[in-house]
Amino acid sequence: ARMLEQLLGAASVFREAGDELGAANALWGIGNYRYFKNAPDQGIDYVREALEIFRREGEQSMEAWSLHMIGTGLIRQGKFEEASGGLRDALRLFHGAGDVAGITLAQRPVRTCENNRIIESDSKVGRDSPPASAASRN
């Protein structure tokens, strides 16, 4: 809890000083703190706010990391479709920046979303199709 208080305080101090990137980094830290304390839904809004600043300031590496954190937080909530686009954007940005760690970490959640889409698609097809035993009798 002390770390969270310090991060919230830092975000406030950076804003008062007019340091947008400092505030964005503190907001990103708050989002990560929540994520790793098993409350990703409570951290996503902080990371989204940081993402807006990183985009405005042209910080592509932190934009990618923000998209990654938002996407993985959404996956943890079962929101695969919502997570998918941002995660693919993060992977593209990581490639553009030559961020090997980012590329490595981003690939798995992108695949998770793709696999979930395939599973959901297959399960919808299965509901609309007759059972295999009925189809084989025809």
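Colour the chain from the N terminus on and you will pass the elements in the order α-α-α-α-α-α-α. That makes seven helices and zero strands, where helices (H or I, at least four residues) and strands (E, at least two) are DSSP runs numbered from the N terminus. Before you click further: this is a predicted model, in which local features need pLDDT of at least 70 and side-chain atom pairs count only at pLDDT 80 or more, while totals for chains, interfaces and linings use all residues. Residues are numbered from 1 along each chain as its sequence is written, and side-chain values use heavy atoms, with hydrogens and water left out.

**Stop 1: the whole chain**

Of the 138 residues in the chain, 38% are buried. Buried here means under 20% relative accessible area, exposed means over 50%, and partly exposed is in between (1.4 Å probe, protein chains only).

**Stop 2: the core**

Select Leu27, Ile70, Ile75, Ala83, Leu87, Phe94 and Cys113, the residues with the most contacts inside the largest nonpolar core, which has 34 residues. Such a core is a set of buried Ala, Val, Leu, Ile, Met, Phe, Trp, Tyr and Cys residues joined through side-chain atoms within 4.5 Å. Two or more residues come from each of α1 (2-16), α2, α3 (40-57), α4, α5 (80-97) and α6. α4 gives the most to this core, with eight residues.

**Stop 3: the largest pocket**

On a 1 Å grid over the protein atoms alone, a pocket is an open set of points with protein on both sides within 12 Å along at least five of seven lines, a cavity is a set where a 1.4 Å probe fits but cannot get out, and lining residues have an atom within 4 Å of a point. Grid points are joined across faces, edges and corners, and a volume is the space filled by probe spheres set on the points.

Helices α2 (20-36), α4 (60-76) and α6 (100-128) each supply at least two residues of the pocket lining. The most comes from α4, with six residues. By class, you are looking at seven nonpolar, three polar and one charged residues. Ala, Val, Leu, Ile, Met, Phe, Trp, Tyr, Cys and Pro count as nonpolar, Asp, Glu, Lys and Arg as charged, and the others, Gly among them, as polar.

**Stop 4: the cavity**

How many cavities of 30 Å³ or more does the structure hold? One. The largest cavity has a volume of about 40 Å³; to see its lining, select Gly31, Tyr35, Pro40, Gly43, Ile44, Val47, Met69, Ile70 and Gly73. α2, α3 and α4 each give two or more residues to this lining, and α3 has the largest share, four residues. The lining of the largest cavity divides into six nonpolar, three polar and no charged residues.

**Stop 5**

Start in the loop between α2 and α3, where asparagine 38 sits. Its phi is near 60°, a positive value in a residue other than glycine. Asparagine 38 is exposed, at a relative accessible area of 60%.

Next, α3 itself: 18 residues, reaching 25 Å from first C-alpha to last, close to the 26 Å expected at 1.5 Å a residue. The expected span is 1.5 Å times one less than the number of residues. Highlight Pro40, Gly43, Ile44, Val47, Ala50, Leu51, Ile53 and Phe54, which are buried in α3. Among what covers these buried residues are α2 and α4. Just after α3, glycine 58 has a positive phi of about 75°.

**Stop 5: α5**

Phe80, Ala83, Ser84, Leu87, Ala90, Leu91, Leu93 and Phe94 are buried in α5. An α-helix has 3.6 residues a turn, so residues three or four places apart point the same way. Also in helix α5 is arginine 88, which is partly exposed, with a relative accessible area of 43%. Draw a line from the C-alpha atom of arginine 88 to that of valine 110: they are 22 residues apart along the chain and separated by 6.3 Å. Finish at glycine 98, which follows α5 and has a positive phi near 70°.

Note on methods: Contact means heavy atoms within 4.5 Å.
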